There are 2 protein chains.
Amino acid sequence: MTVRIALDAMGGDHAPLQVVLGAIDAAARGVDVVLVGAASELQPLLEEHDSDLPIVDAPDRIEMGEDPASAIRTKKNASVTVAARMVAAGDAAGMVSAGSTGATLAAAAIVIGRIPGISRPAIAAIIPAGEPSVVLDVGANLEVRPAHLVEFAVMGSALAQVYLDREEPTVGLINIGEEAGKGRELEKEALALLAAGSLHFVGNVEGRDLGLGTADVMVTDGFTGNVLLKTAEATARAVAGMVIGEVADAGERDPVVVEAAGRLMPHLMAVRTRLDPEVFGGAHLIGARGTVVIAHGSSSRFAIANAVQLAADGAAEGLVDRIEAGIDV
Amino acid sequence: MTVRIALDAMGGDHAPLQVVLGAIDAAARGVDVVLVGAASELQPLLEEHDSDLPIVDAPDRIEMGEDPASAIRTKKNASVTVAARMVAAGDAAGMVSAGSTGATLAAAAIVIGRIPGISRPAIAAIIPAGEPSVVLDVGANLEVRPAHLVEFAVMGSALAQVYLDREEPTVGLINIGEEAGKGRELEKEALALLAAGSLHFVGNVEGRDLGLGTADVMVTDGFTGNVLLKTAEATARAVAGMVIGEVADAGERDPVVVEAAGRLMPHLMAVRTRLDPEVFGGAHLIGARGTVVIAHGSSSRFAIANAVQLAADGAAEGLVDRIEAGIDV
């Protein structure tokens, strides 16, 4: 199997142009990427940019409002369906889509299928503030049972090995306090299961441990994880905005502050870049038999290229095999 | 009823000294505060600082490890129990404790009692990043029913009236997406109840709406809210740390950056102050028949003074009456 990545060229707010440009950038970095979408739209864009990237024709597309599962079943030639079929057939090692998350989830579940031993594929995000950590589930499974959190821990550990370069990642259970006995029945039972397992489980962790390196992997249900992820993004943006606003206000009264701000701006922008969701390019739909990356709907060329790179790295590093090995333990 | 505030002088990591000093500061701001705790320890401290604040003797204290409900029932002379009794008797309009949150919750439930119509008192936090908003529940009720979220919305609206100066606060339901139909059964049913009510309900909101002013009040279950609050605090701290770290690294290579950083530091510190949990002084235990503020366990003199001020403001502005009026609507 090659580490070819199938890219849904019709998904996302800025498709197909930004997706095509992102694919060209990813290819320039050495990734074997194939565009999946309406050839009649994609071919002219490629010619315009002097690219000969391969295209797999998939003229249909799934719109944001459609019911994902039935759309995947009926639209055999939708770009996301065809990309998933390539992964299922072994023609691609992974796929990337910036289209409807629901459609990508449905395509992975219906067309690609799950890794043996995984009952609930999940969405995992890498949160880059401070010491980065993998958080999952951030939205695929709103309500879960304790055993699902153990699966999430295995899948998250594989992600941390591949993307955070941790040989033996530590795992924490997101809870409202450190002490055993805290939390809902879900957390109490999951704590016992995780403690009895063979992962490097460090016990309960809290939202306040984000960025501190307390655990490389943090597991929770998809409702809590989704709120956590969006809260972290919003807070980072709000704090950055407060810093910029404060400096701008001060600058109106003091020209020296303007100069000082100019001098520091490249360094502040470096922080912003490290926090930018586009740098990580997307979230992982993990548990499917292939590397599946869900890019933001608003993905730019830059975000698409990073998402394709993520998928290729996961495939090259044997993400799926690592999970399959881990779940047996 | 006077707006006297009963302050648990024995609760908190730095009690009684920092609590006494905070009380002296609050009194200097004009708040009518009474210290509740071991007179034998408090009297010498007051004398040392030339203060004649009133003391109500309560020689016992409840330790962090004790079972809160049974401790409240058996330790009739514990400082938190006596403070709650003063509120129940109308000798104080509110109370503040930096001791065990569980003990304060139990004291409020057992000794003070609930506002008629409120079945689940909650803990509410004001999150100051960007446009501030009231978030509840942040930890008192880990699992709730849809009707409880409506109670939270009423109580949060009263808090936003008093502390955010919003005449008609907007209310949002924390969910994983804006569209109706998103979320767990809890959110689907609560959305219908809230939409049918008379509050200024704006529908579903997400973690990413924090700081944007989308809703003055955001309601959710206590598990999700606790994770949200701690995530926001951790992210703010991590981002601030990244800014400082980046500037420090740059300074090692470029002395001009050191100078620039020095010039901007007062402005960056102003942001830090706005984000500091100590400025808001604590979370509100809301739904009890009195203004109850839970200060951080690590509260300094400054945080205690702010917490006492919060409780006094709530009492003066009729927080309890506003909730009682709101819940009837």
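**A chat about Leu136(A) and its surroundings**

Q: Leaving out residues up to four places away in sequence, what does Leu136(A) touch?
A: In this predicted model, and with residues up to four places away in sequence not counted, Leu136(A) touches Ala122(A), Ile123(A), Ala124(A), Phe152(A), Met155(A), Gly156(A), Val217(A), Met218(A), Val219(A), Thr220(A) and Ile286(A).

Q: And which residues have the most contacts inside the largest nonpolar core?
A: They are Leu7(A), Leu35(A), Val96(A), Val134(A), Leu136(A) and Val308(A), in a core that has 61 residues.

Q: Which helix gives the most to that core?
A: That is helix H6 of chain A, residues 146-163, which contributes 10 residues to the core.

Q: What about a second core, which residues does it include?
A: There is a second, separate core of 59 residues, and among its members are Leu45(B), Leu164(B), Phe201(B) and Ala307(B).

Q: Switching topic, how many helices and strands does chain A have?
A: The secondary structure of chain A consists of 12 helices and 11 strands. Its radius of gyration is 21 Å, close to the 20 Å given by the globule rule for 329 residues, so chain A is as compact as a globular protein of that length.

Q: What does the C-alpha trace span along its principal axes?
A: For chain A the spans are about 60 × 55 × 35 Å.

Q: How much of chain A is buried, and how much accessible surface does it have?
A: Buried residues account for 57% of the 329 residues in chain A, while its accessible surface comes to about 12,800 Å², with 50% of that belonging to carbon and sulfur atoms.

Q: What share of the contacts join residues at least 24 apart?
A: If one takes the contacts in chain A between residues at least 6 apart in sequence, 69% of them join residues at least 24 apart.

Q: Back to helices: what should H1 of chain A span?
A: Helix H1 of chain A covers residues 17-28, and at 1.5 Å a residue its 12 residues should span 16 Å, which agrees with the 17 Å between its end C-alpha atoms.

Q: Which of its residues are buried, and what covers them?
A: In H1(A) the buried residues are Val19(A), Val20(A), Leu21(A), Gly22(A), Ala23(A), Ile24(A) and Ala26(A). Their cover includes strand S1 (5-8), strand S2 (33-37), helix H2 (39-48) and helix H11 (301-316) of chain A. H1(A) is followed by Gly30(A), which has a positive phi, near 100°.

Q: Where does Ser100(A) lie, and is it buried or exposed?
A: Ser100(A) sits in the loop between strand S4 (94-97) and helix H5 (101-112) of chain A, and it counts as buried because its relative accessibility is 11%, below the cut-off of 20%. Its C-alpha atom is separated by 8.2 Å from that of Pro68(A), although the two residues are 32 residues apart along the chain.

Q: And where is Ser51(B)?
A: Ser51(B) belongs to the loop between helix H2 (39-48) and strand S3 (55-57) of chain B. Ser51(B) is buried, with a relative accessible area of 15%, and it touches Ile24(B) and Leu46(B), again without counting residues up to four places away in sequence.

Terms used:
Residues are numbered from 1 along each chain as its sequence is written. Chains are lettered from A and ligands numbered from 1 in the order in which they are written. This is a predicted model: local features need pLDDT of at least 70, side-chain atom pairs count only at pLDDT 80 or more; totals for chains, interfaces and linings use all residues. Side-chain values use heavy atoms; hydrogens and water are left out. A nonpolar core is a set of buried Ala, Val, Leu, Ile, Met, Phe, Trp, Tyr and Cys residues joined through side-chain atoms within 4.5 Å. Buried means under 20% relative accessible area, exposed over 50%, partly exposed in between (1.4 Å probe, protein chains only). Helices (H or I, at least four residues) and strands (E, at least two) are DSSP runs, numbered from the N terminus. Contact means heavy atoms within 4.5 Å. The radius of gyration is taken over C-alpha atoms; the globule rule is 2.2 Å times the number of residues to the power 0.38. Accessible areas come from the Shrake-Rupley method with a 1.4 Å probe; for residues, only the protein chains shown count as cover. The expected span of a helix is 1.5 Å times one less than its number of residues.
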